[in-house]
Amino acid sequence: MFNQIIFSQRLKELRIERNLKQETIGDVAGIKISAISMMEKGHRAPSIEVICAIADYFNVSVDYLVGRTDDPKLHKK
């Protein structure tokens with residue numbers, strides 16, 4: 001299940017850890033800076049396309065971003 005609070009926290013943490021601006025994440029996800037800001041504040045839920053783009057950019061699993069696991073690693077078969 002999607003957890004908005006965890007997604008918001010993890011998105012912001014990943015961005016700050018890499019010293020990135022919201023603009024960079026917006027460009028990666030194809031959305032405006034204001035949308036990233038609202039997501040980080042928990043005021044807007046991302047689309048599945050945005051979640052996938054962010055997960056790919058940060059090389060973490062979608063499950064990690066949405067709060068289904070605490071393990072950020074991708075588990076490829």
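**Helix packing, core and aromatic pairs**

Helices H1 and H4 cross in a left-handed manner, meaning that the near helix is turned anticlockwise from the far one by less than a right angle. The structure is a predicted model, in which local features need pLDDT of at least 70, side-chain atom pairs count only at pLDDT 80 or more, and totals for chains, interfaces and linings use all residues. Residues are numbered from 1 along each chain as its sequence is written, and side-chain values use heavy atoms, with hydrogens and water left out.

The axes of H1 (residues 4-17) and H4 (residues 48-58) come within 11 Å, at a crossing angle of roughly 35 degrees. Here axes are lines fitted to C-alpha atoms over the stretch in contact, with angles from 0 to 180 degrees between N-to-C directions; helices are DSSP runs (H or I) of at least four residues, numbered from the N terminus. From H1, Phe7, Leu11, Leu14 and Arg15 meet Ile51, Ile54 and Phe58 of H4, contact being heavy atoms within 4.5 Å. By class, this contact has 6 nonpolar, no polar and 1 charged residues.

Leaving aside residues up to four places away in sequence, Ile25 touches Leu11, Arg15, Leu20, Ile36, Ile54, Tyr57 and Phe58.

Two aromatic pairs were found, rings of Phe, Tyr and Trp (its six-membered ring) being paired if their centres lie within 6.5 Å, with planes under 30 degrees apart counted as stacked, over 60 as edge-to-face and the rest as tilted. Phe2 and Phe7 have ring centres 5.9 Å apart and planes at 45 degrees, so this pair is tilted. Phe2 is partly exposed at 33%, whereas Phe7 is buried at 0% relative accessibility. Tyr57 and Phe58 form an edge-to-face pair, because their planes stand at 85 degrees, with centres 5.2 Å apart. Tyr57 is partly exposed at 38%, while Phe58 is buried at 4%.

Conventions
Helix = DSSP H or I, 4+ residues; strand = E, 2+ residues; numbered from the N terminus. Nonpolar A, V, L, I, M, F, W, Y, C, P; charged D, E, K, R; others polar. Buried < 20%, exposed > 50% of the residue type's maximum accessible area, 1.4 Å probe, protein only.
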